[in-house]
Amino acid sequence: MEKGLLQKNKILGINILYIVSILPLIIFAFYKNGLMVYNNGETTMFLAFQYLIIPIIIIVLSYVFEIYYYLIIKKDSDCHNVVNSLAPYVNALCYLVCGPRDFLWVTIPLIIMFDILLKFIDNKWSINQIALFKCVLVALLAITGFYNNANLYELNNNLNPSLFDYFIGRSVGCIGTTSVLCCLIGYVVLLFNKYYKKEIPLLAILGYSIVAIIIYFVGGLSFTNLLIKTFKSGFIFAAIYVAPLSMATPVVKSGRIIYSLLIGMICAILVNIANFYMGIYIVILISSFLVPLFNKFKLSVS
């Protein structure tokens, strides 16, 4: 009996798991930034649906571009590289780290630009595309004075979220990064993906927790404040979806351990002491540049 498409191409099935893992984030983003805002009279139903439709369009058009790139430009004889591409997943994540009111004429061209740029240079420098995108986007928005992660309802109302609100994601933040609950659901899905480096989020959170505990005893922050800062910073999202990107992480196991712990520990300081949440992406970006160095820890650590 002839094998089916997923049996013949197991990486396609794995990439489908990547896409499935972000569906809870997309659905919650639609609820938080679309339906809730619409129900409170702050936007139209048409604009509310953008948070559901745009990521789907990004995924579909990313595959269209992959077909054009590999079949027309690279002259491949089949669609092997197309169905195995992580670009649709990565591009959708880039959209999810944008602010709810960021202008699409800025964010979408920027996503396209980085996708094309890193494809044509073959990402030889192990650059974390999502972290790079986020850093450049925030820099552009900060320069123009448009940097604000509140949706229209959050902007026009004085909200006081509880710890539970922060956990499920009802707080100010990027389009798809606020819900710790949805991130954890996505992580469970990713556990079934054998190519996903599942130890990186665990080690990053471990490193973060060690430093957070020290801050709790030495710095005087309450346990509740530590949790609130952690949940609203987007660190859990970054640890699960951004830090483990396969093309920008160490190959050597011992290098991955150091890479993950270092990211978590530095982020704990930036989040809980400096209140610099954007620093999470800067740390991950710099760490991705240092991947060749982390890969050299094989002999000295393993």
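I take contact to mean heavy atoms within 4.5 Å. The model I am reading is a predicted one.

**Entry 1: H15 against H16**

I started with the residues where these two helices touch. From H15, I listed Tyr 259, Ile 263, Ile 266, Cys 267, Leu 270 and Val 271. From H16, I listed Gly 279, Ile 280, Val 283, Ile 284, Ser 287 and Ser 288. I then sorted the residues of this contact by class: 9 are nonpolar, 3 are polar and none is charged.

Next I looked up the geometry. H15 covers residues 253-272, and H16 covers residues 279-289. Their axes lie 9 Å apart, and the packing angle is about 155 degrees. Angles over 145 degrees count as roughly antiparallel, so H15 is roughly antiparallel to H16. I noted the crossing of H15 past H16 as right-handed.

**Entry 2: H15 by itself**

I checked the length of H15. It has 20 residues and spans 29 Å from its first C-alpha to its last. That is close to the 28 Å expected at 1.5 Å a residue.

Which residues of H15 are buried? I found Ser 254, Gly 255, Arg 256, Tyr 259, Ser 260, Ile 263, Gly 264, Cys 267, Ala 268, Leu 270, Val 271 and Asn 272.

I moved on to Asn 275, in the loop between H15 and H16. Most residues other than glycine have a negative phi. Asn 275 is not a glycine, yet its phi is positive, near 55 degrees. Is this residue buried, partly exposed or exposed? Its relative accessibility is 43%, so I put Asn 275 down as partly exposed.

**Entry 3: H16 and its cover**

How many of the 11 residues of H16 are buried? I noted 8, so the helix is mostly covered. They are Gly 279, Ile 280, Tyr 281, Val 283, Ile 284, Leu 285, Ser 287 and Ser 288. I looked up what covers them: the list includes H8, H13 (223-233), H14 (235-242), H15 and H17 (291-294).

**Entry 4: H7 against H8**

H8 is part of that cover, and I followed it to another pairing. H7 (residues 104-120) packs on H8 (residues 129-144) at about 140 degrees. Their axes are 11 Å apart. The two helices are therefore oblique to each other. Their crossing is right-handed.

On the H7 side, I recorded Val 106, Thr 107, Leu 110, Ile 111, Phe 114, Asp 115 and Leu 118. On the H8 side are Gln 129, Leu 132, Phe 133, Val 136, Leu 137 and Leu 140. By class, I have 10 nonpolar, 2 polar and 1 charged for this contact.

Methods:
Residues are numbered from 1 along each chain as its sequence is written. This is a predicted model: local features need pLDDT of at least 70, side-chain atom pairs count only at pLDDT 80 or more; totals for chains, interfaces and linings use all residues. Side-chain values use heavy atoms; hydrogens and water are left out. Axes are lines fitted to C-alpha atoms, for helices over the stretch in contact, and angles run from 0 to 180 degrees between N-to-C directions. Helices (H or I, at least four residues) and strands (E, at least two) are DSSP runs, numbered from the N terminus. Angles under 35 degrees count as roughly parallel, over 145 as roughly antiparallel, 65 to 115 as roughly perpendicular and the rest as oblique. A crossing is left-handed if the near helix is turned anticlockwise from the far one by less than a right angle, and right-handed if clockwise. Ala, Val, Leu, Ile, Met, Phe, Trp, Tyr, Cys and Pro count as nonpolar, Asp, Glu, Lys and Arg as charged, and the others, Gly among them, as polar. The expected span of a helix is 1.5 Å times one less than its number of residues. Buried means under 20% relative accessible area, exposed over 50%, partly exposed in between (1.4 Å probe, protein chains only).
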